[in-house]
Amino acid sequence: AYMLHVTTTPSVSYVTKQDEFDCGIMITASHNPPQYNGLKFLDADGIGIPDDMELEIERLYFDEEPDRVEFHEIGQLYYNDKIIDEYVDEAVSKVDTDAIREADLKVVVDCGSGAGCFTAPYLIRKLGCDVTTLNSQADGFFPGRDPEPIEENLQELINVVKELNADIGLAHDGDADRTICIDEKGNFVLGDKTFTLVEKQMLKENNGGIIVTTVATSQAIYDVAQEYNGEVIATAVGDLLVARKLKDEDGLFGGEENGGLIFPDFVYGRDAVMTVAKILEIVAKEKRPLSELVAELPVYYASKMKIECPDDEKEFVMQSIADEIKTTTDFELDLTDGVKILKEDGWVIIRPSGTEPIFRCFAESDSQEKADEMTEWGLGLIRKYRK
Ligand code: MG
């Protein structure tokens, strides 16, 4: 076994696959505060294991008399402090470093005191950019900001990008598998915009390919795929389902709307170093500001709400809504995860939370007003069948 010290989740995934281990284990709270630390298990491909295996491990752990091996059977533990450099170098080797260096980009990176401190600043410097770091001393108590890279937690980054006239701001969550961009004007770039931007580039470079995402991601992914010879496969929500599908279908690229992008020829999981390298490459090669590149992407408006519903009523509510839509409308239904209703001018998805007594209701349409109306409509359907 290797012991990797403090590092990012995707680097564990990379090492597990690269050095042919049977399993990888990461201790992390991901984007959550430190009290939520848990164990994340990865299979030999570096993909997160499915829920039923996790439950089995929990059962073994909490079992009062688990089978334990003798001390001498545990095997040897090696500290490996070189492997993270190899991981970063591998990402560097996969992009056009000359183009990035020539563009002389000014980059501000906010690691949020998370594990990205050990990868992101080094990566960006190796790519030949001028780097300014924020919150880049690792500290598991996250003194600088909350580890989740949402807009309200990134105000300092936004201000520094504007103050320094930087080309781009980048932020990671605590275990650095998610990446969020701030454009040169200080605008927060939504995760699905980054996803679409990189999708477009990947399809152009590879003359098409299979894109995997979840049923809750933007129509923009489909629009870009159609234009650049891509094929989209949608899974239920969950990054490990996307990663597994990418492997099974030999996919080109995948991701989620929260800024987690997956490059299967690098790591079978959301990866931040490859995402950063790729985005800097795109800005450098296009020779245009990030805000312009984002403005060219298909525009949709999203609306997200949640509503309470007891766990034991969720199945009945979903079934009733699906039945009503089938019998009273022509709308297409997708039951991959919850109930997704596809209308002419947008879609709405109603998904039960696995951990809380709520439904999440997302809608997307060509105007904000319509998207809001659609979520209201979805919430109305839930209220109708909830007791
Ligand atoms: Mg994370």
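Me: Which spacing do the donor residues of the magnesium ion have in sequence?

Reply: This is a predicted model, so read everything here as computed from it. The spacing of the donor residues is S-x142-D-x1-D-x1-D.

Me: Which protein atoms are the donors of the magnesium ion, and how far from it do they lie?

Reply: Ideal angles at a metal are 109.5 degrees for four tetrahedral donors, and 90 or 180 degrees for six octahedral ones. Here the protein donors are Ser30 (OG), Asp173 (OD), Asp175 (OD) and Asp177 (OD). They lie 2.1 to 2.2 Å from the ion.

Me: Is Asp173 buried or exposed?

Reply: Asp173 is buried. Asp175 is buried as well.

Me: Next, packed helices. How do I describe a pair?

Reply: Two packed helices are described by the angle between their axes and the distance between the axes.

Me: Which residues meet where α7 and α8 pack?

Reply: From α7 come Phe195, Thr196, Glu199, Lys200 and Leu203. From α8 come Ala220, Ile221, Val224 and Ala225.

Me: Take Thr196. Is it buried or exposed?

Reply: Thr196 has 3% relative accessibility, so it counts as buried. Set aside its neighbours within four places in sequence, and Thr196 contacts Ala220, Ile221, Val224, Leu297 and Pro298.

Me: What angle do helix α3 (residues 83–93) and helix α10 (residues 272–286) make?

Reply: They pack at about 30°, with axes 9 Å apart. That angle makes α3 roughly parallel to α10. The crossing of α3 past α10 is right-handed. At the contact, Tyr87, Val88 and Ala91 in α3 meet Val273, Met274 and Ala277 in α10.

Me: And at what angle do helix α1 (residues 9–18) and α3 pack?

Reply: The angle is about 95°, and the axes are 10 Å apart. That makes α1 roughly perpendicular to α3. Pro10, Ser11, Tyr14 and Val15 are the α1 residues here. They meet Ile83, Ile84, Glu86, Tyr87 and Glu90 in α3.

Me: Where is Leu4, and what does it contact?

Reply: Leu4 is in the loop between β1 (2–3) and α1. Its relative accessible area is 16%, so Leu4 is buried. Leaving out neighbours within four places in sequence, Leu4 contacts Val12, Val15, Asn80 and Ile83.

Me: How far apart are Glu156 and Lys304?

Reply: They are 148 residues apart in sequence. In space they are 26 Å apart, C-alpha to C-alpha. Glu156 lies in helix α6 (residues 155–163). Its relative accessibility is 42%, so Glu156 counts as partly exposed. Neighbours within four places aside, Glu156 is in contact with Leu134 and Asn135.

Me: How many disulfides are there?

Reply: A disulfide is a covalent bond between the sulfur atoms of two cysteines. The sulfurs must be within 2.5 Å to count. By this rule the count is 0. Cys129 is in no disulfide; the nearest cysteine sulfur, that of Cys181, is 13 Å away.

Me: Is Cys129 buried or exposed?

Reply: Cys129 counts as buried, because its relative accessibility is 8%. Cys23 counts as partly exposed, at 40% relative accessibility.

Me: Last topic, backbone angles. What is phi at Asp104?

Reply: Phi of Asp104 is positive, about 50°, although this residue is not a glycine. Asp104 lies in the loop between α4 (97–103) and β5 (106–110). With a relative accessible area of 56%, Asp104 is exposed.

Me: What is phi at Asp250, and where does this residue lie?

Reply: Phi of Asp250 is near 55°, a positive value in a residue other than glycine. Asp250 lies in the loop between α9 (239–248) and β12 (253–255). At 68% relative accessibility, Asp250 counts as exposed.

Notes. Residues are numbered from 1 along each chain as its sequence is written. This is a predicted model: local features need pLDDT of at least 70, side-chain atom pairs count only at pLDDT 80 or more; totals for chains, interfaces and linings use all residues. Side-chain values use heavy atoms; hydrogens and water are left out. Buried means under 20% relative accessible area, exposed over 50%, partly exposed in between (1.4 Å probe, protein chains only). Contact means heavy atoms within 4.5 Å. Donors are N, O and S atoms within 2.8 Å of the metal (3.2 Å for Na, K and Ca); water is not among the atoms, so sites may look incomplete. Helices (H or I, at least four residues) and strands (E, at least two) are DSSP runs, numbered from the N terminus. Axes are lines fitted to C-alpha atoms, for helices over the stretch in contact, and angles run from 0 to 180 degrees between N-to-C directions. Angles under 35 degrees count as roughly parallel, over 145 as roughly antiparallel, 65 to 115 as roughly perpendicular and the rest as oblique. A crossing is left-handed if the near helix is turned anticlockwise from the far one by less than a right angle, and right-handed if clockwise.
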